[in-house]
Amino acid sequence: MEKDNIQKLLLEIGRQIVRDKGIEALTVRKLSEASGCSVGAIYNQFANMDNFIVIENYMTLDSLSRKLAKVPQTQNPYFDMNNLVEAFADFVLKNQNLWFMLYQFHLNKHEHGYSFFYLRKVASITRRLNALVRRIVPKMEQPERILSSQVLWLTMFGLSAFLSKDILDSFPKINRRTLCQILLNTYVAGLTVLEKKE
């Protein structure tokens, strides 16, 4: 089997392990058992499990970006914003273990920084938010708009921890799917009020 095909096979099996059992179950030994590849062969492909997880996280961001790209645009930017946030929440809820793996990586990466490829994939998402902010608050200057779109992404990303784990179980009246929408709508409403005052 060619190298690319082996990598693809290992990544798909690794994703299934994480989907079914969580990040804690993803070890080189369990990946070896599930794939039939030797531990040495896995290390030859990825050097270490950190590299393996990085590629898995790239795949997760790509999947999210494809899902968000399918959200249809209407004449109403507020409606589009809510649809985008709903699509994000739906993705996280349907891929909780994969998303939590990415979330942990993001939090623990501060010592070494983020790769260009990781930042580029995140930027493809914030660009969508930036375009929506431009439609909602058209008079906002570009630097402020970029900052606002980054704040919106960080808000969604931070709240995703509540979606990917059972933290909200003690708050049964909070709807997981609308949590992000409520906070983002409040933030966007604040932006429009500030624009009217100027």
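1. In these notes a residue is called buried when its relative accessible area is under 20%, exposed when it is over 50%, and partly exposed in between, with a 1.4 Å probe and protein chains only. R135, with a relative accessible area of 30%, is accordingly partly exposed. The model is a predicted one, in which local features need pLDDT of at least 70 and side-chain atom pairs count only at pLDDT 80 or more, whereas totals for chains, interfaces and linings use all residues. Residues are numbered from 1 along each chain as its sequence is written, and side-chain values use heavy atoms, with hydrogens and water left out.

2. On the salt bridges: taking one to be a side-chain nitrogen of Lys or Arg within 4 Å of a carboxyl oxygen of Asp or Glu, the count comes to five. R135 is the partner of D80 in one of them, with 2.8 Å between the closest N and O atoms. D80 lies in helix α5 and R135 in helix α7, so this bridge ties together parts that are 55 residues apart in sequence; helices here are DSSP runs (H or I, at least four residues), numbered from the N terminus. While R135 is partly exposed, D80 is buried, at a relative accessible area of 3%.

3. A salt bridge also joins the side chains of K121 and D62, at 3.0 Å from N to O. Since K121 belongs to helix α7 and D62 to helix α4, the pair ties together parts that are 59 residues apart in sequence. D62 is partly exposed, with a relative accessible area of 28%.

4. Within helix α5, K94 and D90 are four residues apart, about one turn of the helix, and they form a salt bridge whose closest N and O atoms are 3.2 Å apart. K94 is exposed at 60% relative accessibility, but D90 is buried at 12%. Salt bridges that share partners bring K67 together with D90 and K94 in one network.

5. Turning to the aromatic residues, rings of Phe, Tyr and Trp (its six-membered ring) are paired if their centres lie within 6.5 Å, with planes under 30 degrees apart counted as stacked, over 60 as edge-to-face and the rest as tilted. Searching the whole structure on this basis finds nine aromatic pairs. One of them is the edge-to-face pair of F46 and F52, at 4.9 Å centre to centre and with 85° between the planes; F46 is buried at 5% relative accessible area, and F52 is buried at 0%.

6. F88 and W153 are likewise edge-to-face, at 6.0 Å centre to centre and 75° between the planes. Because F88 lies in helix α5 (residues 77-94) and W153 in helix α8 (residues 142-164), the pair ties together parts that are 65 residues apart in sequence. F88 is buried at 0% relative accessible area and W153 is buried at 5%; both belong to one aromatic cluster, together with F91, W99, Y103 and F157.

7. Which residues touch the most other members of the largest nonpolar core? A core is a set of buried Ala, Val, Leu, Ile, Met, Phe, Trp, Tyr and Cys residues joined through side-chain atoms within 4.5 Å, and among the 40 residues of the largest one the answer is L64, M81, F88, W99 and W153. Helices α4 (49-69), α5, α6 (96-108), α7 (116-136), α8 and α9 (176-197) each supply at least two residues of this core, with the largest share, nine residues, coming from α5.
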